[in-house]
Every structure is written in C-alpha cells, then in structure tokens.
Amino acid sequence: MEFDFAEEQPKLLMLMYGLIAFVAVVGGLLLLLDAVPSWFARRREAQLVAASASGATLPRRPKQREGMFAFFFLLPAVLLLLIGLVVPAIRTTLLSFMDGSSDNWVGLRNYTWMFSEDSIVRVLINTLVWVLLVPLVATAFGLLYAIMVDKARFESVAKSLIFMPMAISFVGAAIIWKFVYAFRGEGQEQIGLLNQIVVSLGGEPKQWLLDSPLNTLLLIVIMVWIQAGFAMVVLSAAIKAIPGDIVEAARLDGVSPWQMFWQITMPSIRPAMIVVVVTLSIATLKVFDIVRTATNGNYDTSVIANEMYNQSFRYGQNGQGSALAVFLFVLVIPLVIYQIRNLRQQREG
C-alpha cells in the first residue's frame, strides 16, 4: 500500500506538535531543576570566595530570599499536583452531583443509585472481596516463601522466579491466565492448562470465567500471582534485618521454630507487613486492567474502577461514573493517611 503523505499530513503534524511539546516540557523541567539551581549555587560560591579573599564578613542570605528559593523549588511540584490531582478531584466531585450529560444538578441521586442498583451493589461486593483477599493471601504467600528460601543455597534464583511476574503488566498477566482458563467444547482437545488437568484426572472441562462467584476468585488469583513477589521482597528484607544476636539468644533458650516465628520473626517484621498490606490494599482498590482484559466486567466480575469506566465512557453517564470515582477516592484516603502516619512513626521511632 502506497503511503499518501497529503492524507497523513494532519496526523504527522499532530505527532510533530506532540514531540515539540514533550521536548519543551522536559527541557523546561530540566532547566528549572538543574540549570537554574546550579547558576545560583555558582553565584553563591563566588560571593563566598570573594568575601574570604578580602577578609570581609561572609554574606548571609536573608530569610526572605530563602523563602523565595523554597517557593521557587516547590512551585513546579505544586503546579503539577494542582493540575494532576486537586483540580480533577474537585471537578469530578462536582460532576458526581450532576446528571449524565453534566447539565443539571441532581443532588445525591447518583450516590443513592450506587447503593440501590443491584448490579452496582454486586460491583461493591466484588471490590470488597478483592480488598479482603488479595492483600492477605499475597502477603501470606510472600511471607511463607520468604521464610522458606531464607539462607537457602539458591535463594537469589528462587526469589527471582516468584518476583518475575512483577515485571509483567496487568494486561499481559490477564492474557496469560486467560489461556490457563481457556475452554474448548467437550470432546475437543483442551488448550487451557486448568481444563487439561481436569480432563487428565477424569473430569469434564468447564468455562471457568462464566460461573459466579468462582470467576471473581479466579481473577483474584491473577492479582495474587503478580503481587506475591512484591510482598516476598519486602518481607525477606525485613527478616534479614532482624538482629542476629536476638535470633541466637532465642535459639540458646531452646525455642521451637514455631515459637521463633511467632515470638521473634512476626513482631520484628510487623512494620514491614503493615506497609505491604496497606500498599496492596490501595493497589487492589484501583484494579482495572485484569478485570477489563479477562472478562470485560461481565458475568458479575466487575469492580468499581471498571464500572466507573463503563458508566462514564460506554454509557455516557458522567454523573454516575463520577460518583463511583469519588467513592473510590474516599475509600483510598484512609489507607493513605494510615500509611503516612505509620511511616512517620517508624521514622520517629
């Protein structure tokens, strides 16, 4: 097929404008964060050298100028925070009190719809199941694996194997596991690993992703498979950070492995476990890719993030989609606050 430059010219121009804007933004940030501070640092150094050579009193920077410098360095981050988070959050909150076309105010009708519509209640229940199971199961598997391979001969290789799924995107992982759950009609050769195992054991193949609530649990397996590596790495580092004299003293006291786990290991790694559980809870609340790729939210598998997308972009109900987004934001805030307080207490302790 011959390339028609005249027909593709608008697209090429748009691509060129995008590249120019990208270079301008990146170059501007580099200028603000590197060149300008370096210029002020060299200027200050020259002043100090001149004052030292002349024997004069070293010049002190006025507090007002220090405040200006601080404001100058914080300004880019504050602007990005306003543009990327604060303004969209305020706009989404306002849209949640409006109708689907965002023309008329409807008050709390969208929030009432959220808790009265059976399909949306199912979405909320699915999200709750995800948040309850994924952090606990992934953390449990990560902790078990970290303890099993600790100080083993091929520890690095064993850790790499379970951490490898972290390098795969959620979409890629969902596609992989769709092949695992794949179904072909009875009497045909099964290409799905799970159905092939069932058939080899004398069972009948089935469409695993069609039956609720089993399909939701099978999607949760994908998330656990991805996040168990993260939990393992953090908890393994926490286990290795336990002081050796404490472990040695416990062994001299004759504690059993079970007592060692509950009385020494668990109290020592508790802060790391809290970080892992909270981080996984936040990631699970926002899960979208796995559900979207594996089932498209059908067969009672949808979660808040997926339903928010459907309402806003598929059904044109901006108000209902915004209400779901606000509700998701409200669910995440307590976890973020708790995480910040926990990290602050660890730093102060």
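Helices H4 and H8 are oblique to each other, since they pack at an angle of about 40°, and angles under 35 degrees would count as roughly parallel. This is read from a predicted model. H4 covers residues 118-149 and H8 covers residues 214-240, with their axes 6 Å apart. The crossing of the two helices is right-handed. The contact of H4 with H8 is made up of 21 nonpolar and 6 polar residues, with no charged ones.

The UniProt record, an unreviewed entry, lists several spans under "transmembrane region", among them residues 123-149 and 217-239. The record also lists 260-283 and 322-340. In the model, residues 260-283 are 100% helix, and the C-alpha atoms at the ends of this span are 31 Å apart. Residues 322-340 are likewise 100% helix, with end C-alpha atoms 26 Å apart.

H4 and H8 also take part in the largest pocket: together with helix H9 (244-252) and helix H10 (257-285), each supplies at least two residues of its lining. The volume of this pocket is about 560 Å³. It is lined by 20 residues, of which Asp150, Ile239, Arg251, Met260 and Thr265 are the closest to its centre. H10 gives the largest share of the lining, 5 residues. By class, the lining holds 12 nonpolar, 3 polar and 5 charged residues.

The second largest pocket, of about 230 Å³, draws at least two lining residues from each of helix H2 (63-95), helix H12 (304-314) and helix H13 (318-348). Of its 13 lining residues, Thr92, Leu95, Ser312, Phe313 and Ser322 lie nearest the centre. The lining of the second largest pocket comprises 6 nonpolar, 6 polar and 1 charged.

Definitions and conventions
Residues are numbered from 1 along each chain as its sequence is written. This is a predicted model: local features need pLDDT of at least 70, side-chain atom pairs count only at pLDDT 80 or more; totals for chains, interfaces and linings use all residues. Side-chain values use heavy atoms; hydrogens and water are left out. UniProt positions are given in the numbering used here, feature names are shortened, and annotations may be inferred rather than shown by experiment. Helices (H or I, at least four residues) and strands (E, at least two) are DSSP runs, numbered from the N terminus. Axes are lines fitted to C-alpha atoms, for helices over the stretch in contact, and angles run from 0 to 180 degrees between N-to-C directions. Angles under 35 degrees count as roughly parallel, over 145 as roughly antiparallel, 65 to 115 as roughly perpendicular and the rest as oblique. A crossing is left-handed if the near helix is turned anticlockwise from the far one by less than a right angle, and right-handed if clockwise. Ala, Val, Leu, Ile, Met, Phe, Trp, Tyr, Cys and Pro count as nonpolar, Asp, Glu, Lys and Arg as charged, and the others, Gly among them, as polar. On a 1 Å grid over the protein atoms alone, a cavity is a set of points where a 1.4 Å probe fits but cannot get out, and a pocket is an open set with protein on both sides within 12 Å along at least five of seven lines; lining residues have an atom within 4 Å of a point. Grid points are joined across faces, edges and corners, and a volume is the space filled by probe spheres set on the points.
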